[in-house]
Amino acid sequence: MKAAKTLGQFIIEKQADFPFAKGELSRLLRDIGIASKIVNREINKAGLVDILGEAGTTNVQGEGQKKLDVYANEQFIAALQSGGECCIVVSEENDEYVYIDSEISKNAKYIVAIDPLDGSSNIDVNVGVGTIFSIYRRKSTEGKATIIDVLQRGVEQIAAGYVIYGSSTMLVYTTGKGVNGFTLDPSIGEFCLSHPDMSVPKDGNIYSINEGYYAHFPDGIKKYIKYCQVEDDATRRPYTSRYTGSMVADIHRTLIKGGIFMYPITAQAPNGKLRLVYECNPIAFIVEQAGGKATNGYERIMELEVKELHQRSAIIIGSENMVKKAEEMLACFSPQITKR
Ligand code: P6P
């Protein structure tokens with residue numbers, strides 16, 4: 001039986017993809033892998049010890065922070081601080097970016113944007129939650145990195161990934177040369193290559209959207225939902241609806257089975273709900289690298305201008321042909337009024 005390839009071995013092997021790499025990115029990815037194993041351990045215990053429930057604080061989104069949110073955020077920031085390869089961390093849990101001002105990080109050239117525990121409202125009901133991360137190279141070459149280094153478009157990402165803490169724990173990432181998935185083997189405490197060269201089927205029959213907001217969706221989205229439900233066409237079977245309320249879980253399913261995930265603008269969220277920097281852009285990078293498509297309904301997610309840390313965006317993402325169909329319906333029934 002062939003020995004499983006660990007994440008560490010894979011990262012080192014792929015380092016050759018970067019002729020000028022001196023191992024910093026490899027170390028950064030390994031730091032993230034280590035922190036996710038620590039977070040995974042606590043999530044698996046969540047039902048057993050009192051680390052559920054509100055931590056009594058709220059994050060920049062004004063959402064009640066669950067203790068695991070706070071714990072996960074601390075673990076990832078600590079891992080990035082000690083790794084010495086990261087100069088700034090942007091986190092959903094921090095109003096401002098975190099500048100890592102330490103001796104070992106003084107020459108660090110990477111910026112990491114992270115949603116440390118996405119979908120955390122699902123923790124109490126044991127539905128998969130996830131970590132999403134995005135890695136940029138700082139644009140400035142000297143002095144202290146600043147907000148200019150952070151506000152980069154998605155096309156500038158050099159790596160992105162997610163960890164899904166579900167029925168098994170997986171880390172899925174890309175450095176721009178395809179997408180690979182690693183499953184945590186608890187018996188050895190290592191992420192092992194389990195899903196090499198992941199690709200999104202061009203077509204699918206699963207649509208994923210919170211239909212509770214149906215009344216508030218743009219007409220084009222309403223038309224697309226009805227298209228999925230085949231109200232007017234005897235030649236097609238209805239699609240299946242799947243929505244967990246945890247973006248990482250819905251995206252992971254889309255990556256493996258195909259389908260479309262949509263979080264459009266609504267009356268309550270006129271700019272969309274999901275965050276561009278640490279949710280939409282990293283997930284878009286992964287899905288595009290797997291052959292899928294990611295837009296806000298009108299423009300490619302990764303080309304959207306990034307104006308602020310916690311900027312929101314609508315997102316329509318998944319199987320290329322399904323996203324194209326949704327875009328057609330938006331163009332027809334909800335033409336873009338102003339360039340976002
Ligand atoms: P709603 C979780 O809070 C999250 O950020 C994503 O993981 C998820 O896709 C979305 O929000 C769910 O939002 O409005 O459907 O509950």
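**Reading a buried threonine, a sheet and a ligand site**

Author: T169 has 7% relative accessibility and so counts as buried. This is a predicted model.

Reader: Where is T169 found?

Author: T169 belongs to strand β8, residues 169-174.

Reader: Which residues is T169 in contact with, leaving aside its neighbours within four places in sequence?

Author: The contacts of T169 beyond those neighbours are N40, V163, I164, F182, T183, L184 and F191. With N40 there is also a polar contact of 2.5 Å between the two side chains.

Reader: How do the strands of a sheet pair?

Author: The pairing goes through backbone hydrogen bonds, and it can be parallel or antiparallel. In this model, eight strands make an open sheet with mixed pairing, in the order β4-β3-β5-β6-β7-β8-β9-β10. Its edge strands are β4 (98-99) and β10 (190-195), each of which pairs on one side only.

Reader: How many bridges join β3 to β4?

Author: Two bridges join them, and the strands run antiparallel; β3 covers residues 86-91. V89 is placed opposite V98 of β4.

Reader: Why is strand β6 largely enclosed by the rest of the structure?

Author: Burial is judged residue by residue, with under 20% relative accessible area as the cut-off. Strand β6 spans residues 129-137, and eight of its nine residues are buried, so the strand is largely enclosed by the rest of the structure.

Reader: Which strands pair with β6?

Author: Strand β5, residues 110-118, pairs with β6 in the antiparallel sense over seven bridges. Strand β7, residues 159-165, is also antiparallel to β6 and joined to it by seven bridges.

Reader: Turning to the ligand, how many residues surround it, and which are the closest?

Author: The ligand is surrounded by 13 residues, of which D118, Y213, Y243, M247 and Y263 are the closest. By type, the shell holds six nonpolar, four polar and three charged residues.

Note on methods: Residues are numbered from 1 along each chain as its sequence is written. This is a predicted model: local features need pLDDT of at least 70, side-chain atom pairs count only at pLDDT 80 or more; totals for chains, interfaces and linings use all residues. Side-chain values use heavy atoms; hydrogens and water are left out. A residue is near a molecule or strand if one of its heavy atoms lies within 4 Å of it. Ala, Val, Leu, Ile, Met, Phe, Trp, Tyr, Cys and Pro count as nonpolar, Asp, Glu, Lys and Arg as charged, and the others, Gly among them, as polar. Buried means under 20% relative accessible area, exposed over 50%, partly exposed in between (1.4 Å probe, protein chains only). Helices (H or I, at least four residues) and strands (E, at least two) are DSSP runs, numbered from the N terminus. Two strands pair if DSSP finds at least two bridges between them. A polar contact is a pair of N or O atoms within 3.5 Å; within protein, one must be able to donate a hydrogen and the other to accept it, and residues adjacent in sequence count only if both atoms are side-chain atoms. Contact means heavy atoms within 4.5 Å.
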